[in-house]
Amino acid sequence: MPDYSYSARDRAGRTVQGTVTADNAALAHGKIRSLGYEVDRVRAVEVARTQEILPPAPSLRNRFAEAFLYPVVSGVPLKVLAVFYRQFATMVNAGIPLYQSLATLEGQTANARLRGILRDAQVQVLSGGKLSEVLAKHRYAIGDLQIEMIRAAEHGGMLDQMLLRIADYLEQELELRRLIGRLTLYPKLVSLMALFILGRGFFADLTPAVSKLVIGMMGKNAYTGLDYLRDTVLFLAEIGLVAFLVIAVFRVVLFQSPGARVAYERAKMAIPGIGTVARQFALARFGRAFGAMYAGGLPLGVAIRVAGDASGSRLIAGATARAVLASERGTTLSQAFRETGVFPALVLDMLHTGEQTGNLDAMMGKAAEYLEGEASTRAHQYAHIFAIGIYLVVAIFVAYAVISGYGGYASGVGAALGG
């Protein structure tokens, strides 16, 4: 049987190193845990003497996906990640070795992208590396927040607790996204119905596609059902393709430049109504992430920086980085945040209270709850206003087309009678 060298911590937190003999790394983990140690690293002695076990080189297809596809679509839905982390936490808490937990989870998940990540993680762990190191290579699927929290857990020896905190955070984020989806569903449906009523040709001759179809069915023109599908369904597919390409260009090219990302966000947040809602949701994400990481034991500066990245806003990320630097120079945290000019009075007041009471994570969580509620209320209002506006625009266009049609018909009848 091969020998495995290990580095672990005893119940007093002291580092212990040694060697055990086992059939595989999973059994080696179990033996070390049976000694009462918390495992940090296990490495096969033969591997350490010769060469590291390396994952296979990525194929051309995988390299293309990493560069162009995954920045747009990560390949791992948020709900899949939330379930994965909760199952992972349960296995680690039950004492199942890390390698065995990853292998079991690989067999259980149906998501091909996550299976590939877990396979790479098994190779990394088996060769004595850290889980966070391989996850950092898949940042588009595993966000910076999750990577930093796992890295902190590896240093602090509380992986099961941190995995549960990540699962809780992702479930809150998933609920926030579902809320945004529910709020925007009605305007989306209205816009879709407007497209199927008007069609592409309306923008050329101001005649709704539905009117053309009805008249064509009466034999008054050559407009067929196939023409209607080209005017609506094909037009919708073209709009979707253009939208996808625009998003891809922004995320793959433009958003790689911090200056371009900041300029985009400033323009978006300057839009009346919509900008306020987007800013509040970003701040809510910051508060949730900061509360989860700070409560999980991350240092204050690290928690703030990573939470700024987790907000999804470059403006907030830049502001938090400046605030951390100012606080390291002796400025109080609330004052440092105030000087950025990005955070509203509510967040600053909650931050100041948290500093005074020592409950920064709880205060930021409360601020996030309030901002989510406020953003939800505003989003409801703007969604209804937008839907009504779409209805009015469609009604005006249809009314114009009907009046024009009847006007032309009346003119023709009058000319015939006069002749």
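Begin with the whole chain displayed. Among the contacts in the chain with a separation of 6 or more, 60% are between residues 24 or more positions apart. The chain has 419 residues, of which 40% count as buried. Shown as a cartoon, the chain has 19 helices and three strands.

Next, colour the chain by confidence, for this is a predicted model. The mean pLDDT of the chain is 78, and 84% of the residues reach 70 or more. Select residues 46-55, where the pLDDT is below 50. Beyond near neighbours in sequence, this stretch has 13 contacts in the model.

**The largest nonpolar core**

Which members of the largest nonpolar core touch the most other members? They are Tyr85, Phe88, Met293, Phe337 and Phe343, in a core of 67 residues. Now select helix H4, residues 78-93, which gives the most to this core, with nine residues. A separate core, apart from this one, consists of nine residues, including Tyr6, Ala22, Ala28 and Val42.

**Aromatic pairs**

A search of the whole structure finds six aromatic pairs. Select Phe84 and Tyr85: their rings form a tilted pair, 5.0 Å centre to centre, with 55° between the planes. Both Phe84 and Tyr85 are buried. Phe337 and Phe343 form another tilted pair, at 4.7 Å centre to centre and 50° between the planes.

Are Phe337 and Phe343 buried or exposed? Phe337 counts as buried because its relative accessibility is 1%, which is under the 20% cut-off. Phe343 counts as buried as well, because its relative accessibility is 6%.

Keep Phe343 selected and show its surroundings. Not counting residues up to four places away in sequence, Phe343 touches Arg279, Leu283, Phe286, Ile316, Ala319, Thr320, Phe337 and Leu348.

Move to Glu106, which has its place in helix H5, residues 98-108. Glu106 is classed as buried because its relative accessible area is 17%. Which residues is Glu106 in contact with, leaving aside its neighbours within four places in sequence? They are Arg115, Leu118, Arg119 and Gln122.

Now select helix H6, residues 112-126. Helix H6 has 15 residues and reaches 21 Å from its first C-alpha to its last, close to the 21 Å expected at 1.5 Å a residue. At the start of H6, a side-chain oxygen of Asn111 comes within 3.1 Å of the backbone nitrogen of Arg113. The buried residues of H6 are Arg113, Leu114, Ile117, Leu118, Ala121, Gln122, Gln124 and Val125. Just after H6, select Gly128, which takes a positive phi of about 90°.

Ile32 is assigned to the buried class because its relative accessible area is 0%. Not counting residues up to four places away in sequence, Ile32 touches Tyr6, Ala8, Val20, Tyr37, Val39 and Val42. To finish, draw a distance line between the C-alpha atoms of Ile32 and Thr19: these residues are 13 apart along the chain, and the atoms are separated by 9.2 Å.

Methods. Residues numbered from 1 in each chain as written. Predicted model: local features only at pLDDT ≥ 70, side-chain atom pairs only at ≥ 80, totals over all residues. Heavy atoms only, no water. Core = buried A, V, L, I, M, F, W, Y, C linked by side-chain atoms within 4.5 Å. Buried < 20%, exposed > 50% of the residue type's maximum accessible area, 1.4 Å probe, protein only. Helix = DSSP H or I, 4+ residues; strand = E, 2+ residues; numbered from the N terminus. Contact = heavy atoms within 4.5 Å. pLDDT = per-residue confidence, 0-100. Phe/Tyr/Trp six-rings, centres within 6.5 Å; stacked < 30°, edge-to-face > 60°. Expected span 1.5 Å × (residues − 1). Polar contact = N/O pair within 3.5 Å; in protein donor to acceptor, adjacent residues only side chain to side chain.
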